[in-house]
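Thanks for coming, everyone. I'd like to walk you through one model today, so please have a look at the screen.

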Amino acid sequence: MIVLFLYFRVSWIKTISTRAPGSLFFVAALILICLFVPSFKMQTYVHSSLTSLLKSNLTSNIRQSIHVPDGTLDNTRAGKRASKVNRDLTERGRRKFKMLGRKDMLAINRKCSHRMPNAIIIGVMKAGTEAFSTFLTINPQVAMSLNVRSTLFFSSRYSKSLKWYKQQMTCSTSNQTTIEKAPQYFPNSLAPKRIHSMNKNIKLILLVRNPIDRAVSHFLQMKNSHPKRLRGKNFEDVVFTRGGPVNPYSVFIRFSKYSSILRNWLRYFKLSQILILDSDQFVKKPMQALAKTESFLGIQHYITKDKFVFDKQKGFPCLNVTGIPKCLGSGKGREHPKLRNTDYYKLKAHFRRYNEEFFRMTKKRYTW
Ligand code: A3P
């Protein structure tokens with residue numbers, strides 16, 4: 001029995017007791033049988049089945065943990081949690097998980113816990129926040145969930161507790177930076193105050209895109225995800241009032257007025273706390289934007305140029321971590337309908353004042 005016990009090693013028993021407590025009972029039962037079975041042949045049989053049970057239990061738990069899409073090996077109740085994540089994992093999440101490559105996943109430290117975010121990607125919606133997050137996550141010092149959309153805690157789920165919020169964060173190690181991606185926060189008038197009350201020193205990342213392109217992209221996404229709401233309507237129908245002036249109440253227009261929204265954030269945060277990145281530049285030179293972000297976050301520079309390839313068919317940079325380029329799904333990088341010149345200039349004129357204001361506020365000019 002002693003030999004048997006030593007053979008299984010104490011560490012294995014410990015790991016199993018935390019990961020799969022149910023199997024411990026089974027192991028104990030088998031050991032008891034072993035005590036009452038005199039035949040050596042029988043003992044050998046029990047011993048071999050016990051060994052294979054332990055091995056399969058461990059490997060399946062580890063395999064499940066590796067399937068956590070954010071690439072973090074979660075030791076806490078790993079079995080239960082991993083299977084939950086697997087259940088929740090959308091096809092989208094699976095694709096993104098595969099993008100990261102197995103080697104990177106396995107390199108991640110195994111001891112982790114849930115922590116409050118050190119940084120939040122607050123927007124803007126449709127400025128490449130998903131590509132940006134996906135690319136940033138290849139840095140092993142970044143802990144960010146890729147399958148979960150956003151907790152929406154500081155916008156629509158504030159009735160939940162901070163403890164709940166923390167639990168939603170990706171399991172991270174002490175040398176990792178926890179980041180939440182939540183572009184829904186930027187236009188939310190209550191989010192800045194709420195985030196400030198959680199952590200006034202938090203780092204914020206804001207990608208901005210030409211407001212007209214952003215509005216079109218927002219419309220196309222809405223049309224795709226809520227086809228009934230916009231049935232039969234095209235972009236012009238929703239952003240212009242009866243073909244006339246720009247409709248200032250349209251959500252697609254309002255969310256593109258960055259200066260009005262940013263003003264509210266600057267009531268709570270210093271400009272130096274917000275890293276503002278140009279979406280067009282990010283598409284052209286992803287490495288530069290990501291290197292800037294690594295410096296801003298105070299983490300080691302890990303993301304290099306060779307980790308990307310420009311996919312001509314997709315028209316966007318794609319990850320090249322495993323040697324096989326992985327691009328974002330068809331919902332990202334949609335073809336935009338061409339606007340009539342008159343409509344384009346009407347929108348341009350409408351946004352001009354807000355754009356100029358935004359440039360003044362951020363002390364930086366963009367091409368739009
Ligand atoms: P379009 O689909 O309108 O072209 P978000 O992730 O914030 O929803 O933004 C979506 C936008 O990200 C896309 O809008 C696309 O222009 C942009 N984008 C930036 N980099 C990308 C990349 N590498 N692959 C796909 N889309 C990317």
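Two housekeeping points. This is a predicted model, in which local features need pLDDT of at least 70 and side-chain atom pairs count only at pLDDT 80 or more, while totals for chains, interfaces and linings use all residues. Residues are numbered from 1 along each chain as its sequence is written.

So, the overall picture. The chain has 17 helices and nine strands; these are DSSP runs numbered from the N terminus, H or I of at least four residues for helices and E of at least two for strands. Of its 368 residues, 33% count as buried. Buried here means 20 or more other C-beta atoms within 10 Å of the residue's own, exposed means 12 or fewer, and partly exposed is in between, with C-beta atoms placed from the backbone. Now contacts, meaning pairs whose C-beta atoms, placed from the backbone, lie within 7 Å. Among contacts between residues at least 6 apart in sequence, 71% join residues at least 24 apart.

On to the ligand. There are 16 residues around the ligand, and Gly128, Glu130, Ala131, Ser217 and Phe316 come nearest; the cut-off is a C-beta atom, placed from the backbone, within 6 Å of the molecule. Helix H8 (129-136) and strand E9 (316-319) are the elements that give two or more residues to this shell. H8 has the largest share, with three residues. By class, the shell holds eight nonpolar, four polar and four charged residues. For those classes, Ala, Val, Leu, Ile, Met, Phe, Trp, Tyr, Cys and Pro count as nonpolar, Asp, Glu, Lys and Arg as charged, and the others, Gly among them, as polar.

How many of the residues of H8 are buried? Eight of the eight are, so H8 is largely enclosed by the rest of the structure.

Next, helix H17, residues 341-362. Its 22 residues should span 32 Å at 1.5 Å a residue, and the end C-alpha atoms are 29 Å apart, which agrees; the expected span is 1.5 Å times one less than the number of residues. H17 also has a kink of about 40°, centred on Arg352, where the bend is the angle between axes fitted to the seven residues ending there and the seven starting there.

What does H17 pack against? Its buried residues are Leu347, His350, Phe351, Asn355 and Phe358, and they pack against helix H11 (211-225) and helix H14 (258-265). The axes of H14 and H17 come within 8 Å and cross at roughly 35°; axes are lines fitted to C-alpha atoms, for helices over the stretch in contact, with angles from 0 to 180 degrees between N-to-C directions. H14 brings Tyr258, Ser259, Ser260 and Leu262 to the contact, and H17 brings Tyr354, Glu357, Phe358 and Met361. Those residues divide into five nonpolar, two polar and one charged.

Lastly, the backbone. Most residues other than glycine have a negative phi, and most peptide bonds are trans. Just after H17, Lys363 takes a positive phi of about 60°, and Lys363 is exposed, with 8 other C-beta atoms within 10 Å. Leu152, in the loop between strand E3 (142-143) and helix H9 (162-168), also has a positive phi, near 60°. Finally, a cis peptide bond joins Gly123 and Val124, with omega about -10°. Happy to take questions!

Technical notes:
Contact = placed C-beta atoms within 7 Å.
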